[in-house]
Amino acid sequence: MTIAQKVFEILAFVLYFVIVLGVGIYFFMKTKNAGEKEYFIGGRNMGGLVAALSAGASDMSAWVLMGLPGAICLLGMGQVWISVGLIIGTICAWIFVAPKLRRYAIKAGDAITIPEYLSNRFNSKSPVMRVTCAVIFVIAYCIYTASSISACGTLFYTVTGGAIDQTWGMVIAAVVIGVYTLLGGFNAVCWTDFFQGLLMLGALMLLPIIALFIINGESFTAIGTVITSENYYNLLSSGKFDGQSIIDIISGLGWGLGYFGMPHILIRYMSIKSEKEMRKSQIVGSAWTTIICIMASVVGLVAHQYFGDVINAGNSEQVFIMLARAIVPGLLSGVLISAIMAASMSTADSQLLASSSAFASDIYKTAIKKDASDKKVLLVGRIAVAVILAVALVIALLPGTGGIMDLVSNAWAIFGSAFGPVILLSLYFRRLNFKGAVSSIITGFAVSVLWTYVIGKYLLPIGLYEIIPGFIAGLIVAIVVSLLTKEPSKEITDTFDEVKNIKYSDEK
């Protein structure tokens, strides 16, 4: 890699940071006198296109540009089941959850956070639901955000050729993310996510297409020896439909369950300003995720043909960067590599805002200072952003912390298990009551954690992703407890029926 190419890459990085900081400053100046609804959910006035790309970008972390292409490049098509699960999950969430959750959140006291929605859904004045949810939010998001910060550190180190080590890379990324999230709130996060989503889409569309043209050229010679195993292009990694293949498929598809309980994605659904915009979001959001997952897989396959056995377990997560540097000029490669930073930052900023809003609205205002003004709640929310970001940075810096994929999978499973069953049942199960919902959240969270560190590790080490037993346990407990305890009041069931009977023509 030449010095000029390195300079151009760094220049592209600097330009990218200037843009996202500029967005934060712009929305701070525009909304500095707004209230907590504006800061935490954009005044529920988000356009369909921005909401869709923001939901997608906040969902797809650096895993989609580093982990997935690397795994496929190294191991083959048997690794695509997570992508299949994510595609199915996001389409189902946009169709069956997004429009109904938006309507119900408005009817349920114009709720602006998921814990507030769940409490209002059952007309509960008890702080138990909101505090329980918020505590789980903060714990899981510290882990989740740490994965994004860790990816940023790796990227800084790689792009600068070691001039900026991983520790300082993490610190720089954390400061930039914290500044524009603190300043601009939900609007800044959504608009930066929108541009980051476009950048990710453009990078994943452009890079493999250029690479394919080069590979199909008469003069092309692979950099290394291309060794393709017998089952490389087989969707079953073992080459046969055995017990382990079934576990792998179920675990991969299980990732799709996470969409039903992911707060930073669900809040995007709630922020859309109208039913008309919701229709746009459903189409764009589903298409974006589908294209991203497919093209990320294509990058892995193309890199396998381009680099051959140069790719190994030590550098497999770098295949996107290696491919960009090999086939496009310095400035463009810098822009393409910035897409990885965009993937990391768009996830981290959304997680920060969701966890800080949960702490400010659902812990501070609910259990600590009930008469807090909007201004005070906003201040606490901004302080929470800084504190949670600092904790996440410490987790990322700890020597015993797992890799990017481990951190993401753990946090994703916690959210999917704890909140997925409750969100679905709150929209479709009329008999669900407050006790059933709280019991489900606690059970899903506990089973997910226990499966990760005890059951799946020592008692039943079959490789099953913890979201599967966690989600099933939460679903069963919610239904059983609700049926064994007092029915919801008529007021609650009347609201349920009202939301159920709303048609597209009834809503703006």
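The legends below describe close-up views of a predicted model.

**View 1. The largest nonpolar core and its most connected members.** Of the 147 residues in this core, Met60, Tyr117, Met345 and Trp412 touch the most other members, a nonpolar core being a set of buried Ala, Val, Leu, Ile, Met, Phe, Trp, Tyr and Cys residues joined through side-chain atoms within 4.5 Å. Helix α7 (residues 128-159) supplies the largest share of this core, 16 residues. A second, separate core has five residues, among them Ala360, Tyr364, Val377 and Val380.

**View 2. The surroundings of Trp412.** Apart from neighbours within four places in sequence, Trp412 is in contact (heavy atoms within 4.5 Å) with residues including Asp59, Leu86, Tyr144, Trp255 and Tyr465.

**View 3. Helix α7 and the residue Gly161.** The 32 residues of α7, a helix being a DSSP run of H or I with at least four residues, reach 47 Å from first C-alpha to last, close to the 46 Å expected at 1.5 Å a residue, where the expected span is 1.5 Å times one less than the number of residues. Of these 32 residues, 24 are buried, that is, under 20% relative accessible area with a 1.4 Å probe and protein chains only. Just after α7, Gly161 takes a positive phi of about 65°.

**View 4. The contact between α4 and α11.** Leu68, Pro69, Ile72 and Cys73 of α4 meet residues of α11 that include Cys293, Ala296 and His304.

Residues are numbered from 1 along each chain as its sequence is written. Local features need pLDDT of at least 70, side-chain atom pairs count only at pLDDT 80 or more, and totals for chains, interfaces and linings use all residues, while side-chain values use heavy atoms, leaving out hydrogens and water.

Methods: Buried < 20%, exposed > 50% of the residue type's maximum accessible area, 1.4 Å probe, protein only. Helix = DSSP H or I, 4+ residues; strand = E, 2+ residues; numbered from the N terminus.
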